[in-house]
Amino acid sequence: MAKPTKVTNSIRRLRFESDEMTQADLADRVGVTRQTIIAIEHGRYSPSLEMAFQIARAFAVPLDEVFHYPEES
Amino acid sequence: MSFDERSKWASGLISLGTFAAYAVIILRRAGGGPLTDVAYRSTLLWTIGASVVLIVVAHVLIAVANPSEADKRDERDRAIERLGEYRGGLVLAVGMLGPFTLSLWGADHFWISNAIYLVFVVGSTASSAFKVAAYRKGF
């Protein structure tokens with residue numbers, strides 16, 4: 001099945017690089033459920049711009065280091 | 001599985017289950033005779049009441065079993081709720097053409113009442129199914 005969003009992300013890698021932060025830890029920092037973090041990581045949900053900024057802030061990196069959108073071909 | 005997703009499963013299954021139980025009771029009562037002669041009003045109302053009570057009880061039990069998740073709802077849960085209600089509402093609106101047509105044709109009140117109940121069950125079950133699908137497959 002095609003993923004419902006073209007937006008990809010590096011959350012899994014960033015969690016690993018942040019002392020292996022768990023999905024639950026990230027969810028607590030952002031103020032969402034762990035299931036939502038899982039859905040974002042797997043590309044099943046595109047977060048709002050506000051949540052995207054909160055996730056980037058949790059890793060202390062710019063937004064485009066967390067989320068990526070493919071170039072138009 | 002989140003609290004909301006469990007709740008949607010419970011709502012859908014209870015709506016379908018209580019309707020199935022109601023249908024079995026009415027069909028047995030008819031005993032092969034005409035359905036329009038069956039006393040159905042109180043059974044229908046009790047079934048709807050039982051369905052509402054069971055859904056509330058199920059939600060309470062799910063919350064008690066997962067107290068840490070019971071009050072957690074985020075933007076994804078709210079978006080899925082809106083999507084499911086919108087699509088379920090479309091099913092309900094289209095489905096209501098059935099009882100509307102029955103009433104225009106002067107069908108017996110048995111068929112009109114039960115068609116309305118059926119459409120409500122289908123609409124709420126569809127709404128729950130759309131929500132569960134959105135949780136499972138994304139949207």
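Start by selecting residues 109-137 of chain B, which form helix H5 in this predicted model. At 1.5 Å a residue, its 29 residues should span 42 Å, and the C-alpha atoms at its ends are 41 Å apart, so the two values agree. Now step just past the end of H5(B) to B:Gly138, where phi is positive, at about 85°.

Go back into helix H5 of chain B and pick B:Ser128. Is B:Ser128 buried or exposed? It counts as buried, because 22 C-beta neighbours lie inside 10 Å, and the cut-off for that label is 20 or more. Show its contacts next: setting aside neighbours within four places in sequence, B:Ser128 meets B:Lys8, B:Ser11, B:Gly12 and B:Gly84.

Now move to chain A and its nonpolar core, the largest in the model, with twelve residues. Among them are A:Leu26, A:Ile40, A:Tyr45 and A:Phe67. H3(A) gives the largest share, three residues. Zoom in on A:Ile40, which touches A:Asn9, A:Ile11, A:Tyr45 and A:Pro47, residues up to four places away in sequence not being counted. A second, separate core has six residues, including B:Ile80, B:Ala126, B:Phe130 and B:Val132.

Last, show both chains together. Nine residues of chain B are in contact with twelve of chain A. On the chain B side, six of these residues are charged, two are polar and one is nonpolar.

Notes:
Residues are numbered from 1 along each chain as its sequence is written. Chains are lettered from A and ligands numbered from 1 in the order in which they are written. This is a predicted model: local features need pLDDT of at least 70, side-chain atom pairs count only at pLDDT 80 or more; totals for chains, interfaces and linings use all residues. Two residues are in contact if their C-beta atoms, placed from the backbone, lie within 7 Å. Ala, Val, Leu, Ile, Met, Phe, Trp, Tyr, Cys and Pro count as nonpolar, Asp, Glu, Lys and Arg as charged, and the others, Gly among them, as polar. Helices (H or I, at least four residues) and strands (E, at least two) are DSSP runs, numbered from the N terminus. The expected span of a helix is 1.5 Å times one less than its number of residues. A nonpolar core is a set of buried Ala, Val, Leu, Ile, Met, Phe, Trp, Tyr and Cys residues joined through C-beta atoms within 7 Å.
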